[in-house]
Amino acid sequence: MKNFILSIALVLATAIGFSQEEDNGITITVTIDNVTNDNGKVLMSLHTSETFMKGKGIQDAESAIKDGKITITFENVLPGDYAILALHDENSNGRMDFQDNGMPKESFGMSNNVMLMGPPQYDDAKFKVEDKDLELNIRF
């Protein structure tokens, strides 16, 4: 019985600890205001160095487009280094489409608005989350 009560106390303490930690996270609000048309949706992912260009981010979101503009918010982000990737998924198939020569058919962007010839690099796109909410603008 003593072990059972200690187990319940540990579970509750852990749950309370995690819920408080989430409430202390930072909010990142990202705006894209140069989407070429309102077709489809914009997909966006918040990444760490471990998830960057490897699939799903630590938070993923999507938004309908209105008048060439979208705003997406990532909440409860803990301090650290992150990068954001964004894609205008014009045909709503959930992935980037490519031309026969390997170039993307759909617009994309990343944090820090780095324009590269080649795939995005984490070090170019990374930014630091510290103790204040952030507002970022990504350009396609």
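Helices (H or I, at least four residues) and strands (E, at least two) are taken here as DSSP runs, numbered from the N terminus. What you're looking at is a predicted model, where local features need pLDDT of at least 70 and side-chain atom pairs count only at pLDDT 80 or more, while totals for chains, interfaces and linings use all residues. Residues are numbered from 1 along each chain as its sequence is written, and side-chain values use heavy atoms, with hydrogens and water left out.

Let's start with the overall layout. The chain has two helices and eight strands, and reading along the sequence gives α-β-β-β-β-β-β-α-β-β. Of its 140 residues, 32% count as buried; buried means under 20% relative accessible area, exposed means over 50%, and partly exposed is in between (1.4 Å probe, protein chains only). Contact means heavy atoms within 4.5 Å. Take the contacts between residues at least 6 apart in sequence, and 69% of them join residues at least 24 apart.

Now for the sheet. Strands of a sheet pair through backbone hydrogen bonds, either parallel or antiparallel. In the bookkeeping used here, two strands pair if DSSP finds at least two bridges between them. Three strands make an open sheet in the order β4-β1-β8, with mixed pairing. Its edge strands are β4 and β8 (134–137), each of which pairs on one side only. On average, neighbouring strands of this sheet are turned by 20° against each other, direction ignored; the axes behind that value are lines fitted to C-alpha atoms (for helices over the stretch in contact), and angles run from 0 to 180 degrees between N-to-C directions. Zoom in on β1 and β4 and you find antiparallel pairing over six bridges. V30, for instance, has I72 in β4 as its bridge partner.

Next, the nonpolar interior. A nonpolar core is a set of buried Ala, Val, Leu, Ile, Met, Phe, Trp, Tyr and Cys residues joined through side-chain atoms within 4.5 Å. The largest one has 20 residues, and those with the most contacts inside it are I28, I32, V42, M44, L46, F74 and I84. Two or more residues each come from β1 (26–32), β2, β4 (70–77), β5 (80–89) and β7 (127–129). There's also a second, separate core of six residues, including F52, L85, M110 and A125.

Rings of Phe, Tyr and Trp (its six-membered ring) pair if their centres lie within 6.5 Å; planes under 30 degrees apart count as stacked, over 60 as edge-to-face and the rest as tilted. Searching the whole structure finds one aromatic pair. That pair is F52 with Y122, edge-to-face at 5.6 Å centre to centre and 70° between the planes. It links distant parts of the chain, with F52 in the loop between β2 (41–47) and β3 (59–64) and Y122 in helix α2 (residues 122–125), 70 residues apart. F52 counts as buried because its relative accessibility is 6%, and Y122 counts as buried at 13%.

That β2–β3 loop also holds M53, which has a positive phi of about 60° although it is not a glycine. M53 is partly exposed, with a relative accessible area of 45%. D67 has a positive phi too, about 55°, and is not a glycine either. D67 sits in the loop between β3 and β4 and counts as exposed at 65% relative accessibility.

Finally, move to the loop between β5 and β6 (108–110), where D97 lies. At 11% relative accessibility, D97 counts as buried. Its side chain makes a polar contact of 2.8 Å with the side chain of N91 and another with the side chain of R95 (3.1 Å). A polar contact is a pair of N or O atoms within 3.5 Å; within protein, one must be able to donate a hydrogen and the other to accept it, and residues adjacent in sequence count only if both atoms are side-chain atoms. Not counting residues up to four places away in sequence, D97 touches N91, M103, P104, K105 and E106. M103 is in the loop between β5 and β6 as well, and is partly exposed with a relative accessible area of 44%.
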